[in-house]
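Hi everyone, thanks for making time for this.

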Amino acid sequence: MSRHVTQRLLQISDPHLFADPEGDLLGQRTRLTLEGVLNLARANSGAADRVLLTGDLSQDASPAAYRYLADRCGRLGLPCHALPGNHDDPAEMARSLDASPIDMPHEVDCGPWRLILLDSTLAGREGGHLAAGSLRRLAATLAARPQAPTLVFLHHQPVPVGSPWLDEIGLNNPEDLFALLDHQPQVRGLVFGHIHQDFSAERNGVALLGAPSTCIQFRPGSQDFALDAATPGYRWLELHPDGRIDTGIERSADYPDPLDLSGAGY
Ligand SMILES: [Fe+2]
């Protein structure tokens with residue numbers, strides 16, 4: 001029956017958690033900002049079906065940070081799927097989340113839809129890359145259910161978002177990804193984190209969707225690193241059985257700690 005109903009997803013991205021419960025990113029305690037966003041998600045999206053965590057789960061790649069996230073997400077009572085970002089250690093993340101409420105699947109069937117999760121991280125680098133093996137697996141996964149409307153999730157943005165400092169550390173081989181997707185009309189959207197801001201565009205009928213972080217926000221259109229006064233948030237997606245997507249952003253009312261916009265990096 002679930003094949004015929006709209007699937008509702010929550011994209012929760014870039015929480016940048018620390019082992020230290022008081023750990024902060026430019027003055028914002030990231031456990032508190034995450035808590036605010038999860039409370040909002042719980043209040044607004046009681047009917048959600050699953051949660052996608054699109055990387056930078058931890059700032060210090062510590063087991064304690066990952067376990068904290070698993071505990072908090074577990075309280076949502078929904079399936080939670082994660083992929084790593086440049087601040088994560090994918091191996092430590094997998095170890096720490098093993099047998100937790102958060103899994104790290106390559107693909108998930110979700111009613112008529114298929115969700116595919118890619119690891120775009122490069123060890124020791126801020127920017128991203130899709131390895132040949134990941135692209136081969138993506139092609140094989142798409143070929144296995146060619147009629148299924150599909151969303152592809154990854155951490156790094158595959159297109160410029162208009163912020164030169166951020167675009168220098170986006171996905172460095174988007175042409176390889178698009179060469180594959182251009183022959184796969186079943187892919188309806190690419191959904192990513194990393195940019196800490198709302199972003200929405202379209203390429204050849206494929207939705208390109210970025211999300212706020214659950215902590216600090218980057219100023220849209222800025223040449224250099226700059227914080228934005230927009231508050232932490234998440235993206236919701238409604239995946240309809242006919243392949244259409246409705247989506248939007250919800251944000252917390254405010255920051256738990258005073259916001260200092262003068263931060264020059266993170
Ligand atoms: Fe991030």
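Let me begin with the largest pocket, which is lined by 13 residues, and the ones nearest its centre are His106, Leu117, Leu118, Asp119 and Arg137. By pocket I mean this: on a 1 Å grid over the protein atoms alone, an open set of points with protein on both sides within 12 Å along at least five of seven lines, where lining residues have an atom within 4 Å of a point. Strand S5 (80-83), strand S8 (113-117) and helix H4 (132-144) are the elements that give two or more residues to this lining. Helices (H or I, at least four residues) and strands (E, at least two) are DSSP runs, numbered from the N terminus. H4 contributes the most to the lining, with 3 residues.

The volume of this largest pocket is about 190 Å³, where a volume is the space filled by probe spheres set on the grid points, and points are joined across faces, edges and corners. Sorted by class, its lining holds 9 nonpolar, 2 polar and 2 charged residues. Here Ala, Val, Leu, Ile, Met, Phe, Trp, Tyr, Cys and Pro count as nonpolar, Asp, Glu, Lys and Arg as charged, and the others, Gly among them, as polar.

A quick word on what you are looking at. This is a predicted model, in which local features need pLDDT of at least 70 and side-chain atom pairs count only at pLDDT 80 or more, while totals for chains, interfaces and linings use all residues. Residues are numbered from 1 along each chain as its sequence is written, and side-chain values use heavy atoms, with hydrogens and water left out.

Now to the metal. Which residues coordinate the iron ion? They are Asp14 (OD), His16 (NE2), Asp56 (OD) and His196 (NE2), at 2.1 to 2.3 Å. Donors are N, O and S atoms within 2.8 Å of the metal (3.2 Å for Na, K and Ca), and since water is not among the atoms, sites may look incomplete. Along the chain, the donors follow the spacing D-x1-H-x39-D-x139-H. His16 sits in the loop between strand S1 (7-12) and strand S2 (24-25), and Asp56 in the loop between strand S4 (50-54) and helix H2 (63-74), so this pair ties together parts that are 40 residues apart in sequence.

Why is the arrangement irregular? Because the 4 donor atoms subtend angles of 89 to 179 degrees around the iron ion. For the cut-offs, four donors count as tetrahedral if all angles lie between 85 and 135 degrees; four count as square planar and six as octahedral if opposite donors are over 155 degrees apart and all others between 65 and 115; anything else is irregular.

Buried means under 20% relative accessible area, exposed over 50%, and partly exposed in between (1.4 Å probe, protein chains only). His16 has a positive phi near 50 degrees without being a glycine, and Asp56 has a positive phi of about 50 degrees, although it is not a glycine either. Most residues other than glycine have a negative phi.

On to the sheet. An open sheet is formed by 6 strands in the order S6-S5-S4-S1-S15-S16, with mixed pairing. Two strands pair if DSSP finds at least two bridges between them. At the edges are strand S6 (102-103) and strand S16 (245-251), each pairing on one side only. S1 runs antiparallel to strand S15 (residues 233-239) over 5 bridges, with Arg8 standing opposite Glu238. S1 also pairs with S4, in the parallel sense, over 4 bridges; there, Leu9 has Arg50 as its bridge partner. Since 5 of the 6 residues of S1 are buried, this strand is largely enclosed by the rest of the structure.

Let me finish with a hairpin. Strand S11 (residues 199-203) and strand S12 (residues 206-210) run antiparallel, joined by 5 bridges. Between these strands lie 2 residues, and Asn204 takes a positive phi near 50 degrees in this hairpin. In S12, Leu208 is the bridge partner of Ala201.

Definitions and conventions. On a 1 Å grid over the protein atoms alone, a cavity is a set of points where a 1.4 Å probe fits but cannot get out, and a pocket is an open set with protein on both sides within 12 Å along at least five of seven lines; lining residues have an atom within 4 Å of a point.
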